[in-house]
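Here are a few notes to read alongside the model.

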Protein chains: 2
Amino acid sequence: MALAEAILVCLTERPMSGYDLAKYFDASIGFFWRASHQQIYRELGRLRERELVDSQEISQSGKPNRIVHTITDKGRTAVTGWSAKPVRMPSVKDELLVKLYALETVDTKAMREQISVRLEQHQSKLSEFRRIKSRFYDGKDLNLNQKGKLIALELGIDQELFRIAGWETVLKKMTDAGV
Amino acid sequence: MALAEAILVCLTERPMSGYDLAKYFDASIGFFWRASHQQIYRELGRLRERELVDSQEISQSGKPNRIVHTITDKGRTAVTGWSAKPVRMPSVKDELLVKLYALETVDTKAMREQISVRLEQHQSKLSEFRRIKSRFYDGKDLNLNQKGKLIALELGIDQELFRIAGWETVLKKMTDAGV
DNA sequence: TGACACTATGCAACAATGTGCATATAATCA
DNA sequence: TGATTATATGCACATTGTTGCATAGTGTCA
């Protein structure tokens, strides 16, 4: 149940509405912990019940009212407590790798195309990460929180580079194997 | 619902019982698609209902009877059909990276320990992959299916090496940041 | 000889995640 | 002016994953 913690971590930055959080996830922490807006709203309800966030409705004319969630002291303590607990290895699930396991049965032409699509996705993630890095971090004076995010971001950039190289190697090896 | 397909892919190799499958998952395809024995048994029941596998009970004295599952023609067709369909990006979920996002709030001493544990886990996975490679693949004459598995395994080895380097860099950068 | 691990299967309950839908207004673009 | 996008929240259902339990005989180690 670490979506709760991921949300709390975001709220240590500043109070946010569910909508803000969903966008924040898409643009930053979601690179390492994806969540849809439905999940976020549901989890916010639970966090409110557990008194880890304080939710305040703000009237808006025209648009639906915003509900802004602020992390409580109890919530901050919960984050620190959680952070000290051991983590598990991230669960691995990649269909594309499973397909490599039955090269005789799968449609290898379609697979090569899927690998190309995957490569493009990694390319565009890479560009996005680099854009964020140069826009928000390069040449700036950073506080500790920002330094942590930068470390994560740089790991993300290296990961994308590695994956691009990896899948390109797979394509080459498939060619060598005659498919 | 790709656990179904992962199981079918295993069964293209040879007929197996649920127990065999659970072990096979632990030792090979599970590196890229983890599943517990409970999940596997449940999914096998569904596959039997959909007639993608044929299940045959084999009497054994002493031990409980084995139920051996064989992929059907319908199942083989299903695998090929599935293989041609586009895959999604694997979902990302790593608590350790989330912790990097709140360096001011988390227990950084505990975090460094967790990174060390993570490093050890990647080390032992790496050793296992290398052991499997040298034992079953190096210097052997391989058919197409085996070549595919070797490609996946080599990608796995590179991935572990990359992750070890990545987390070591994170530790260094944390030191530079003063935590 | 008692404890433990291995073989072999599976249910039940619960927790977490993902998909689809529903609502409602304002601004922007073609 | 009609279509789309952005703002803003949330329910219901389906699927997937985890934990704990239950059964039961065999082999191995101390």
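1. Leaving aside neighbours within four places in sequence, A:Phe25 is in contact (heavy atoms within 4.5 Å) with A:Leu3, A:Ala6, A:Ile7, A:Cys10, A:Gly30, A:Phe31, A:Trp33, A:Ala35 and A:Ile40. A:Phe25 and B:Phe25 touch the most other members of the largest nonpolar core, which has 110 residues. Such a core is a set of buried Ala, Val, Leu, Ile, Met, Phe, Trp, Tyr and Cys residues joined through side-chain atoms within 4.5 Å; buried means under 20% relative accessible area (1.4 Å probe, protein chains only).

2. Please keep in mind that this is a predicted model: local features need pLDDT of at least 70, side-chain atom pairs count only at pLDDT 80 or more, and totals for chains, interfaces and linings use all residues. Residues are numbered from 1 along each chain as its sequence is written, chains are lettered from A and ligands numbered from 1 in the order in which they are written, and side-chain values use heavy atoms, leaving out hydrogens and water.

3. Around DNA strand C there are 21 residues, the closest being A:Met1, A:Arg42, B:Tyr19, B:Ile67 and B:Arg88.

4. Now for individual polar contacts (N or O atoms within 3.5 Å). A polar side-chain atom of A:Gln38 lies 3.1 Å from a base oxygen of DNA strand C, while one of A:Gln39 lies 3.0 Å from a phosphate oxygen.

5. At the start of H7(B), a side-chain oxygen of B:Asn143 comes within 3.1 Å of the backbone nitrogen of B:Asn145. Just after H7(B), B:Gly178 has a positive phi of about 90°.

Technical notes
Buried < 20%, exposed > 50% of the residue type's maximum accessible area, 1.4 Å probe, protein only. Near = heavy atom within 4 Å. Polar contact = N/O pair within 3.5 Å; in protein donor to acceptor, adjacent residues only side chain to side chain. Helix = DSSP H or I, 4+ residues; strand = E, 2+ residues; numbered from the N terminus.
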